[in-house]
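Colleague: Hi, could you put the model up? I have a few quick things to ask.
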Amino acid sequence: MGKDQSSRIGSVEELAGALRIAAELEHGLCCQYLFAAFTLRRTLEDFAGVSAGEDAKRHVMALTQAWATQILTVARQEMEHLAIVINLQSALGEPPHLARPNFPVPLGTYPIKAHFCLERLEGTTLERFLYYERPDYLAEELQFDDPGCCEGKALRNAQPLALPSHAGLRFSSVQELYQTLAGAYSGPDELGAAVLFRGSASAQVQSSAVQWGQSVNVPPVTNRLDAIAAIDQVTFEGEGIGQTPTSPSSHFVRFAEVNRSYVELRRTLPDLDPALPVVCNPAVSGEAPEGSQRITDPAAVRALRLFNDGYFLMLAMLRGFFEGYRGNFGTYPTFAGAAPNSALFLEAYYPFMTMFIRPLGELVCRLPAGPEHPGKNAGPGFELTEEPPGLKDLDWYEGRFAQLDDAGRELHAWLADHEGTYGADAVLAALRQSQALHRMRLNLPRLWKEGVLNP
């Protein structure tokens with residue numbers, strides 16, 4: 001789509017709707033990238049039953065380790081981009097948007113002509129990732145005929161979800177959406193600064209005031225130049241648009257490097273699949289959309305429900321953090337939010353993501369999907385059955401953590417009782433997961449009362 005056909009955002013309602021779509025896209029991309037990374041074979045045990053020499057397997061393991069690093073780096077930056085979008089929402093006086101459609105998302109839900117679906121890492125998956133992240137100047141060169149989700153099965157009879165009030169918004173790429181957003185901050189007079197920045201500046205989360213770690217960069221947005229710079233950061237890190245035509249650290253280039261390496265591996269070792277045989281769009285909820293794959297193995301069902309419940313709690317803590325954040329903007333270089341809010345930050349970010357989402361996601365990808373899917377493994381569905389709530393009191397979060405703690409213990413006990421079926425590695429992984437959940441549960445009330453710095 002050329003720029004002359006692009007939408008023009010001319011009202012606060014249209015801008016709010018476009019930001020909700022941007023938040024859903026960043027959120028959905030992050031989940032897809034995480035899923036693909038979790039499906040990679042990472043140990044010799046992952047190659048059980050694969051007829052190949054140990055040297056060849058170790059060669060593939062070295063590649064998948066490098067690919068996982070690249071993909072997880074991109075996923076982490078998608079969370080950064082989501083935080084940037086939430087800062088733009090906060091500046092507009094809008095609440096953070098952390099809901100999204102469940103997978104698979106039919107074509108037509110968003111103007112981008114590619115499905116959003118959870119697939120193991122393979123050639124089509126990487127082509128889809130390149131399509132998401134492609135810079136517009138490569139749009140003609142990088143055409144993608146999306147075969148649909150679930151091993152080429154197109155989603156038929158699936159009704160697209162209703163778009164928000166900005167149904168006239170047109171864009172064919174993530175870059176074009178952000179360029180349209182940038183136009184709202186540099187363009188029409190009807191969107192004056194008093195409207196664009198009617199939210200409180202103290203609610204702007206910034207990486208210089210919060211110890212994000214791992215090079216996460218989230219700038220505050222308090223004026224037009226801030227907003228445009230933040231949007232430029234997203235397209236520079238994603239599509240590589242900026243000082244060079246294609247930034248060497250951009251998401252597009254990272255995926256291109258993984259794809260080149262993947263194609264070469266499949267050419268030289270065609271019988272060594274680098275990804276586990278994980279089903280597409282796994283689901284356990286009763287409201288899973290068409291195109292999802294129902295998981296029935298009893299251990300996998302327990303693990304998926306635990307994953308979904310923990311994922312929901314993490315999103316609820318993130319929304320509570322963004323809604324409740326009140327930093328001393330422009331005054332202190334360290335996090336100065338209220339103690340309850342800092343507790344949500346400290347629990348939701350790297351402890352929860354690294355001690356729950358990743359290890360449990362990798363465990364689920366190594367559990368069988370059920371007799372309906374012979375030879376296939378389950379995977380994390382990232383299912384949402386309700387919208388994450390706003391800021392709650394301590395009792396609500398403690399209650400949710402208690403449920404997770406109990407479910408984690410139950411999963412470990414089940415696997416231990418059926419070790420002959422699922423293996424000692426799965427039992428050990430579930431034990432570690434249960435212990436990590438219990439520690440996070442015990443930490444929450446302490447952090448809630450102590451915080452980092454009291455205001």
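Colleague: First, is Arg 128 buried or exposed?

Modeller: Arg 128 is buried in this predicted model, at 1% relative accessibility. Buried means under 20% relative accessible area, exposed over 50% and partly exposed in between, with a 1.4 Å probe and protein chains only.

Colleague: And what does Arg 128 form a salt bridge with?

Modeller: With Glu 119; the closest N and O atoms are 2.4 Å apart. Glu 119 is buried too, with a relative accessible area of 5%. A salt bridge here is a side-chain nitrogen of Lys or Arg within 4 Å of a carboxyl oxygen of Asp or Glu.

Colleague: How many salt bridges are there by that rule?

Modeller: The count comes to 15.

Colleague: Which side chain does Glu 387 meet in a salt bridge?

Modeller: That of Arg 319, at 3.6 Å from N to O. The pair links distant parts of the chain, 68 residues apart: Glu 387 is in the loop between α11 (350-364) and α12 (394-417), while Arg 319 is in helix α9 (residues 298-324). Glu 387 counts as partly exposed at 47% relative accessibility, and Arg 319 counts as buried at 14%. Helices are DSSP runs of H or I with at least four residues, numbered from the N terminus.

Colleague: Let's stay with α11. How many residues does it have, and how far does it reach?

Modeller: Helix α11 has 15 residues and reaches 20 Å from its first C-alpha to its last, close to the 21 Å expected. The expected span is 1.5 Å times one less than the number of residues. Its buried residues include Tyr 350, Phe 352, Phe 356 and Leu 360.

Colleague: Which residue there pairs with Arg 358?

Modeller: Glu 362, with the closest N and O atoms 3.1 Å apart. Both lie in α11, four residues apart, about one turn of the helix. Arg 358 is partly exposed at 31% relative accessibility. Shared partners join Arg 42, Arg 358 and Glu 362 into one salt-bridge network.

Colleague: New topic: which residues touch the most other members of the largest nonpolar core?

Modeller: Leu 181, Tyr 185 and Phe 382, in a core of 140 residues. Helix α1 (residues 12-38) gives the largest share, 18 residues. Such a core is a set of buried Ala, Val, Leu, Ile, Met, Phe, Trp, Tyr and Cys residues joined through side-chain atoms within 4.5 Å.

Colleague: What does Phe 382 touch?

Modeller: Leaving out residues up to four places away in sequence, its contacts (heavy atoms within 4.5 Å) include Cys 31, Leu 34, Phe 35, Phe 103, Phe 307 and Tyr 311.

Colleague: How many disulfides does the search find?

Modeller: Zero in the whole structure, with a disulfide being a pair of cysteine sulfur atoms within 2.5 Å. For Cys 30, the nearest cysteine sulfur is that of Cys 31, 5.7 Å away. Cys 30 is buried, at 4% relative accessibility.

Colleague: Last one: where does pLDDT stay under 50?

Modeller: Over residues 153-167, which have 31 contacts beyond four places in sequence, and over residues 329-337, which have 25. pLDDT is the predictor's confidence in each residue, from 0 to 100; the chain averages 86, and 86% of the residues score at least 70. Where pLDDT is low, the predicted coordinates should not be read in detail.

Notes
Residues are numbered from 1 along each chain as its sequence is written. This is a predicted model: local features need pLDDT of at least 70, side-chain atom pairs count only at pLDDT 80 or more; totals for chains, interfaces and linings use all residues. Side-chain values use heavy atoms; hydrogens and water are left out. Helices (H or I, at least four residues) and strands (E, at least two) are DSSP runs, numbered from the N terminus.
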